[in-house]
Amino acid sequence: MRAGEIAALAVAAFLAGAINAIAGGGTLLTFPALLFFGTREIVANATSTLALVIGTGGSLYGFRARITAVRPWLIRFVPPSLLGGWLGSVLLTRTGNETFAKLIPYLLLFSTLLFLSQGVMKRLMGAASHVQGPSRRGVWVAIGFQFAVAVYGGYFGAGIGILMLASLGFLGLNDIHEMNTLKNILGSLINLVAAIWFVICGLIDWPRMCIMAAAAVAGYFLGASFSLRIPQKAVRRIVTAIGFAISAILFWKQFAR
C-alpha cells in the first residue's frame, strides 16, 4: 500500500468510528473506501465488518451499568442474534463475488434510506412507548424480527441499529439508554459472529484491516468524548449525502456497462 492509500483508509475508518459513536452509519464510509482502492467486494465487506467491530466493541464497557436492567431482553434476543448473524455471514460466503457486486448499490441505497429514516423511527417509537407492555405474541414477533435483522447484519450490516431501535420501541421500551444498551450489545454480537466466520473463511485483508481498526478505535473514542458537542443533524446529513452519492455512482457504473 502506498502512503496515500494508508492515509485515506485511516481517515475513512477514523471518521466511521466517530460517526458510529455519534449517530451510526460508519459502514457507509469504510466499505466504499475499500472498494475505491480495488478490494474485492466480499473481502471489502468482511474487512470493514472486522475493523469496525474492533473499533466499536469498546462501547459495551460504557453500558455495563445498565446490563442488569436489560438482562431479561438479552436472554430472549441473544440466541436469534447469534444464529442470524452467523447465517447471514454464511450466505455472504456462499454468494459469488460478481453477484454480490451487483447487489451492492441496492444494499447501500437501502442502508442510506434506513439511516435517513432515523427521525421518523424515533417519532414512531415515541408513539409506541405508550404501550402498557408487550404481549407474548408481540415478543415472539420481535424475536423473529431480530433474527431477520441479524441475518441482514451478518450479510451486510449497515443500518441494523436503526432497525433494532424501532423494534424495541414497538415493544414498549422507552428508556433510550436501555434501548441503546441492547442495540449495542446485540449489534456487536451480530458483527462479531460474522467477523469470526469471515476470518475462518480467509476473507480478511489483514494489512488494511489493521490500519482501519486502529483508526476506528481512535475515531470512536474521540466521537464518544465530543458526542454531546457535535450536532447530530449535521453528521446525519453528511452521511446521508455520502450514501446517496456513492449509491448513485455505483448504479451508474453498473448500468453503464
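## Overall picture

Of the contacts (heavy atoms within 4.5 Å) in the protein with a separation of 6 or more, 84% come from residues 24 or more positions apart. This is a predicted model, so local features need pLDDT of at least 70 and side-chain atom pairs count only at pLDDT 80 or more, while totals for chains, interfaces and linings use all residues. Residues are numbered from 1 along each chain as its sequence is written, and side-chain values use heavy atoms, with hydrogens and water left out.

The protein has 12 helices and 0 strands, taken from DSSP runs (H or I of at least four residues for helices, E of at least two for strands) and numbered from the N terminus. Buried residues (under 20% relative accessible area, 1.4 Å probe, protein chains only) make up 50% of the 257 residues.

## Where α2 meets α3

Helix α2 covers residues 27-36 and helix α3 residues 41-56; their axes (lines fitted to C-alpha atoms over the stretch in contact, with angles from 0 to 180 degrees between N-to-C directions) come within 9 Å and cross at roughly 140 degrees. That makes the pair oblique.

On the α2 side, Thr-27, Thr-30, Phe-31, Leu-34 and Leu-35 touch Glu-41, Ala-44, Asn-45, Thr-47, Ser-48 and Leu-52 of α3.

## A look at Ser-89

Ser-89 sits in helix α5, residues 67-94. With 0% relative accessibility, Ser-89 counts as buried. Its side chain reaches the backbone oxygen of Trp-86 at 2.7 Å. Setting aside neighbours within four places in sequence, Ser-89 is in contact with Gly-154, Tyr-155, Ala-194, Trp-197 and Phe-198.

Technical notes: Angles under 35 degrees count as roughly parallel, over 145 as roughly antiparallel, 65 to 115 as roughly perpendicular and the rest as oblique. A polar contact is a pair of N or O atoms within 3.5 Å; within protein, one must be able to donate a hydrogen and the other to accept it, and residues adjacent in sequence count only if both atoms are side-chain atoms.
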